[in-house]
Amino acid sequence: MEDIRETKQMNPDSEQPVGVFDSGVGGISVLRELYRVMPNENYLYFGDSKNAPYGTRPLEEIRKLTIANVEFLLEQGVKGIVVACNTATAAAVRILRGMYPQVPLVGIEPALKPAALQPGHPTVLVMATPMTIQQEKYKTLMMRYEEKADIIGLPCPGLMEFVETGNTDGPDLKRFLENLLSPYLREIDSIVLGCTHYPFVRGLIEELAGERVRIFDGGNGTAREMKRRLEAAGLCTRRTGQGTVTFENSLAAEEEIELSWNLFQKK
């Protein structure tokens, strides 16, 4: 596969790759959507699994880690960046846009809007990391739709760690989710997956919640927003063939790269 890390200029160019960053491997769920929406682009994914999980760290530490890792991707020559982590988005995306106004930069937030705007004043359960639920960005988002729906924020400490170890459907994960969700399943109409790790366990969540409960995540909307920003900046590739994907991880372990590919190719 072509090594897309050689270009180190800071001014974006249309033939440079799109950078995708997450606190671990969860953002690969967003990368999959990016690849579906823009299959001819090249992508460089960086997962900071060495410092995962971000969702239980102090705000300032999350902010410093996020800025450092985005700067790393820019040094590798990416033309735009998706911060594919709800916690990191809330902590640092506004600051990063001020630091790099010339770079298309898209974050992700829980897909609360489509869930809350369902007919009949629905009850919505938002599954997210503890830090995401504590941050002002989430609270502001929740207040925006609290007249349209009953919104329940559910901190899920420990859930992303299952995905980080490659466990997306094991019996211990199922028991974990049963304990987490069982108090809410009778009253809710939908579940919002407010962490990019959670789409990888969507199958088990759907099994436990049943067909009546709709599941929402923000990956596709984030991918479409990045495409819109690249088009507006004139940075969409002119390449017509299929693009490449390159994975890097702060753990620098072959097992992490193999896990990344497995999740990217997971049906």
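**View 1. Pro-183 in the loop between α8 and β7.** Pro-183 is exposed, with a relative accessible area of 54%, where exposed means over 50%, buried under 20% and partly exposed in between, computed with a 1.4 Å probe on protein chains only. The residue lies in the loop that runs between α8 and β7 (190–193), helices (H or I, at least four residues) and strands (E, at least two) being DSSP runs numbered from the N terminus. From C-alpha to C-alpha, Pro-183 is 26 Å in space from Gly-26, and the two are 157 residues apart in sequence. The model shown here is predicted, so that local features need pLDDT of at least 70 and side-chain atom pairs count only at pLDDT 80 or more, whereas totals for chains, interfaces and linings use all residues. Residues are numbered from 1 along each chain as its sequence is written, and side-chain values use heavy atoms, with hydrogens and water left out.

**View 2. The crossing of α8 and α9.** The axes of helix α8 (residues 171–181) and helix α9 (residues 202–209) come within 10 Å and cross at roughly 50 degrees; axes are lines fitted to C-alpha atoms, for helices over the stretch in contact, and angles run from 0 to 180 degrees between N-to-C directions. The two helices α8 and α9 are therefore oblique to each other, a term for angles that are not under 35 degrees (roughly parallel), over 145 (roughly antiparallel) or 65 to 115 (roughly perpendicular). Leu-173, Lys-174, Leu-177, Glu-178 and Leu-181 of α8 make the contact with Leu-204, Ile-205, Glu-207 and Leu-208 of α9, contact meaning heavy atoms within 4.5 Å. By class, this contact of α8 with α9 has six nonpolar, no polar and three charged residues.

**View 3. The packing of α1 against α11.** Helix α1 (residues 28–37) packs with helix α11 (residues 254–265) at an angle of about 50 degrees, the axes lying 9 Å apart, and α1 and α11 are therefore oblique to each other. On α1 the contact is made by Ile-28, Leu-31, Arg-32 and Tyr-35, and on α11 by Ser-260, Leu-263, Phe-264 and Gln-265.

**View 4. The open sheet.** Four strands form an open sheet in the order β6-β5-β7-β8, with parallel pairing, two strands being paired if DSSP finds at least two bridges between them. The edge strands, β6 (150–155) and β8 (214–217), each pair on one side only. Strand β5 (residues 123–128) runs parallel to β6 and is joined to it by six bridges; Thr-123 has Asp-150 as its bridge partner in β6.

Conventions
Nonpolar A, V, L, I, M, F, W, Y, C, P; charged D, E, K, R; others polar.
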